[in-house]
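Here is a friendly walk through a structure that may be new to you. Take a moment to look at it, and then we will go through it piece by piece.

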Amino acid sequence: MTEQNQRAFQKQKGVFVSDKRRVLGRWVKGKSRLVKKIGLDFKTPKEAIEGTYIDKKCPFTGNVSIRGRILRGVVISTKMERTIIIRRDYLHYLKKYNRFEKRHRNLPAHCSPCFKHVKPGDIVTIGQTRPLSKTVHFNVIKWEPQQGVDAVKQFRQF
Amino acid sequence: MITFIICNQFITILETNEWSNPLKTYGKKPEERAGHTSVVVGHKMIMGISRAKDKKRKLTGGKRKKWRSKRQARIGRPPANTKLGPKLIRPVRTHGGNTKYRALRLDSGNWSWGSEAISRKTRILDVVYNASNNELVRTKTLVKGAIVIIDATPFKQWYKQFYGENIGDKKMKKKEKENKEKETEEKKEEPNQKQLRQKWKNKNERKKKMKKYIQKKVKRREGHVISKQLIDQFKKGKLFASISSRPGQCGRCDGYILEGAELDFYVHKLKTKKKK
């Protein structure tokens, strides 16, 4: 199994791997897998239900709940394992000049393996979770792939 | 102090006298309390380990300036590094007056056999694998997630009592087996049951219940399989288990017996380790 590539045995917390008897609950293609709806009308991706990856920080198959803020942004970097950096642009108003100025913030977010092939320029919806690491407090819950390389550099306000 | 010692168990009670009376440690000076290292300057206590994030750098890499002193509520304490050995547990007074039991040495725990849904208290024999750090294996440190070897006897005994046969007995033809065992069990059961059956006056009742008892066990055995790997472990008297409690927090070393894919995984890891 490709998901057992760590030094410790990877398994989902709520699933008894060695259960001989039938597991009552979600049966997916003969394998017992814990999948949940995250609410707020976000659809669980097919890959989360059918996949075999183990990710305790995944919003669909792991032990995190999405609550609080829901934000949208553009993906800048996917170089980290299972986390991405998102850029959020906004306009800041200056009262003296009656004008706006462009500002941005970068946000690290956890990206579950169910979202494969996320690349810089894609638009992503992220939901707030409990702190998953020192800097990561958000989790990718929806992914809209985009075409075109320049999408990263455009100012896009959501 | 009570000085009479009847069996080994009483010694442990004496050792953990402070456990039953946490106020004993609370009244002591910080340096005297086990597992608490701190510098005392004058009347002020400056804590060693802090869990506050104000010393950490920002996401951008910038330094954070210190704007307040360390707080008692944000302290950390030195790790327990629970080792294999005769039980030694120290209570620690924590935030809110609650207690944590810091196990410094443990030798037994409550282990559960998942697929049979039972748990028994057994000795820990050895620490065998740790995913985080090989050093912890060498020093035989008990931590959550460590793979250990436990004594199999209580599980063997339970199995015999529940299923009516020893683990790893070769399988004969069903009918033959059933007949043989019915005979042997009827003979075996009678002397044990005599004590219980003093109440039962009716002979027929006795016979019925006896039959039911055997039939129950036979039924349980039907279609019941244990994996070969587990059988081998039982024959040796040693089972692989994973610790699922936190000995440094609750003072207990409990866990579950490894089975199925998980067992295969760790056995494979140990084999490759040995080869190296």
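Let us begin with a pair of charged side chains: A:Lys116 and A:Glu47 meet in a salt bridge, with N and O 3.7 Å apart. The term stands for a side-chain nitrogen of Lys or Arg within 4 Å of a carboxyl oxygen of Asp or Glu. This pair links distant parts of the chain, 69 residues apart: A:Lys116 sits in the loop between strand E5 (99-110) and strand E6 (123-128) of chain A, and A:Glu47 belongs to helix H1 (residues 46-50) of chain A. Helices (H or I, at least four residues) and strands (E, at least two) are DSSP runs, numbered from the N terminus. Over all chains, the structure holds eleven salt bridges.

A word on how to read all this. The model is predicted, so local features need pLDDT of at least 70 and side-chain atom pairs count only at pLDDT 80 or more, while totals for chains, interfaces and linings use all residues. Residues are numbered from 1 along each chain as its sequence is written, chains are lettered from A and ligands numbered from 1 in the order in which they are written, and side-chain values use heavy atoms, leaving out hydrogens and water.

Staying with chain A, strand E4 (residues 83-94) runs antiparallel to E5(A), and twelve bridges join the two. Strands count as paired if DSSP finds at least two bridges between them. For one such bridge, look at A:Leu91, whose partner in E5(A) is A:Lys102. E4(A) and E5(A) form a hairpin with four residues between them, and A:Asn98 in the turn has a positive phi of about 55°.

How confident is the predictor about chain A? The average pLDDT (confidence in each residue, from 0 to 100) is 89 for chain A, and 89% of the residues score at least 70. Residues 22-29 of chain A, however, stay under 50. Where pLDDT is low, the predicted coordinates should not be read in detail.

Now move to chain B, where an open sheet of three strands has the order E5-E7-E6, with mixed pairing. Strand E5 (83-84) and strand E6 (88-93) of chain B each have a single partner strand, so one side of each is left without a neighbour in the sheet. E6(B) runs antiparallel to strand E7 (residues 99-106) of chain B, and six bridges join them; in one of these, B:Leu88 is partnered by B:Arg105.

Chain B also has a barrel, which five strands close in the order E8-E9-E10-E11-E12, again with mixed pairing. From one strand to the next, the twist averages 50°; angles run from 0 to 180 degrees between N-to-C directions, along axes fitted to C-alpha atoms, for helices over the stretch in contact. Strand E8 (residues 108-113) and strand E9 (residues 118-129) of chain B run antiparallel and are joined by six bridges. Helix H10 (residues 260-275) of chain B packs on the sheet, touching E9, strand E10 (147-151), E11 and E12 of chain B, and makes about 25° with the direction of E9(B).

Finally, where do the chains meet? In all, 23 residues of chain B are in contact (heavy atoms within 4.5 Å) with 14 residues of chain A. Across this interface the rule finds one salt bridge: A:Lys11 pairs with B:Glu262, their closest N and O atoms being 3.4 Å apart. H10(B) gives the largest share of the side of chain B that touches chain A, six residues.
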